[in-house]
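Here are some exercises to work through with the coordinates open beside you. Try each task before reading its solution.

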Amino acid sequence: MRYSYEFKRKCVEMYYRGEYPDTPDGIGSKRFHRKIREWVRIEESCGPDALRHKGQNRVWTPEERYALVARVLAGESFSSVAVSAGINSGQLYQWVHKYKIYGYNGLIPKQKGRKSKDSDMKKVGTRKPPKPNESEYEELIRLRAENEYMKAEIEVIKKEMYYGYEKEYTSFEGFSKAVEEYIDYYNNKRIPAKTKWMPPQKHREASMCSA
């Protein structure tokens, strides 16, 4: 179902007031409310104009696609990366899936054109390309994404175990031990919903092995 920009903005404004509009025909209430929350996240991440219908689909370069894929591989969720980029999470899932199968080559758009009538003509691009080794450029983008993710994780740790508890640590050794124990809990025992109810470390491993 296609919604106008004005309707989306009205729904978002009502959401901020703690209200939901009447559910349109042809869609369930839960699905419609989920859609509104998605519009809210898109507006918060990309601004109100991101809710407008684009005259034509944006063409993403392989480098831009890989930058988003790297964020997912670094541990961010599909939905958060998709919302920040203003794209459908299903599209992002396809890019990640292709990258894991074909490597960087899987992110290069296929050339469009009519099929040749000459059956003897050599077909180009029909054979699956081998997965290439990670280039320095890919590694740089991946490391940047991992760095940003780690910064966000560190801020969470500061808020949950340091700010407001400074006086409880009487020595650096005691504080260092507390940090190690918390990191172990945070990576291997904590089970947040955004990681599909898996510990963060297990979720990162799963994101690297399946899609």
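A salt bridge here is a side-chain nitrogen of Lys or Arg within 4 Å of a carboxyl oxygen of Asp or Glu. The model is predicted, so local features need pLDDT of at least 70 and side-chain atom pairs count only at pLDDT 80 or more, while totals for chains, interfaces and linings use all residues. Residues are numbered from 1 along each chain as its sequence is written, and side-chain values use heavy atoms, with hydrogens and water left out.

**Exercise 1. The salt-bridge network**

Task: find which residues are linked in a network of salt bridges.

Solution: 
- Start with the general idea: side chains of opposite charge can pair when their charged atoms come close.
- Next, take the total: the structure holds 4 salt bridges.
- Look at E13, which forms one of them with R9; their closest N and O atoms are 3.3 Å apart.
- The two sit 4 residues apart in helix α1 (residues 5-16), so about one helical turn separates E13 and R9. Helices (H or I, at least four residues) and strands (E, at least two) are DSSP runs, numbered from the N terminus.
- Now turn to E43, whose side chain meets that of R9 in a salt bridge at 2.5 Å, N to O. This pair links distant parts of the chain, with E43 in helix α2 and R9 in helix α1, 34 residues apart.
- Put together, R9, E13 and E43 form the network.

**Exercise 2. Cover around the charged residues**

Solution: 
- To see what surrounds E43, leave aside its neighbours within four places in sequence: E43 is then in contact (heavy atoms within 4.5 Å) with R9, V12, Y16, P48 and L51.

**Exercise 3. Another bridge**

Task: which residue does the side chain of E76 meet in a salt bridge?

Solution: 
- The partner is R71, at 3.2 Å from N to O.
- E76 counts as buried because its relative accessibility is 18%.
- R71 counts as partly exposed, at 23%.

**Exercise 4. A charged patch**

Task: name the residues that form a positive surface patch.

Solution: 
- Apply the rule: patches are made of residues with over 30% relative accessible area and no salt bridge, with like charges joined within 9 Å and nonpolar side chains (Val, Leu, Ile, Met, Phe, Trp, Tyr) within 5 Å.
- Lys and Arg count as positive and Asp and Glu as negative, while His and the chain ends are not counted.
- The members are R31, R34, K35, R37 and R41.
- As one of them, K35 lies in helix α2 (residues 29-46) and, at 32% relative accessibility, counts as partly exposed.

**Exercise 5. The whole chain**

Task: how many helices and strands does the chain have, and what share of its residues is buried?

Solution: 
- The secondary structure comes to 8 helices and 0 strands.
- Of the 211 residues, 30% are buried.
- R142 is a buried example, at 19% relative accessibility, and belongs to helix α6 (residues 136-161).
- Among contacts between residues at least 6 apart in sequence, 61% join residues at least 24 apart.

How values were computed: Areas by Shrake-Rupley, 256 points an atom, 1.4 Å probe, with all protein chains shown as cover. Charge placed at Lys NZ, Arg CZ, Asp CG, Glu CD. Buried < 20%, exposed > 50% of the residue type's maximum accessible area, 1.4 Å probe, protein only.
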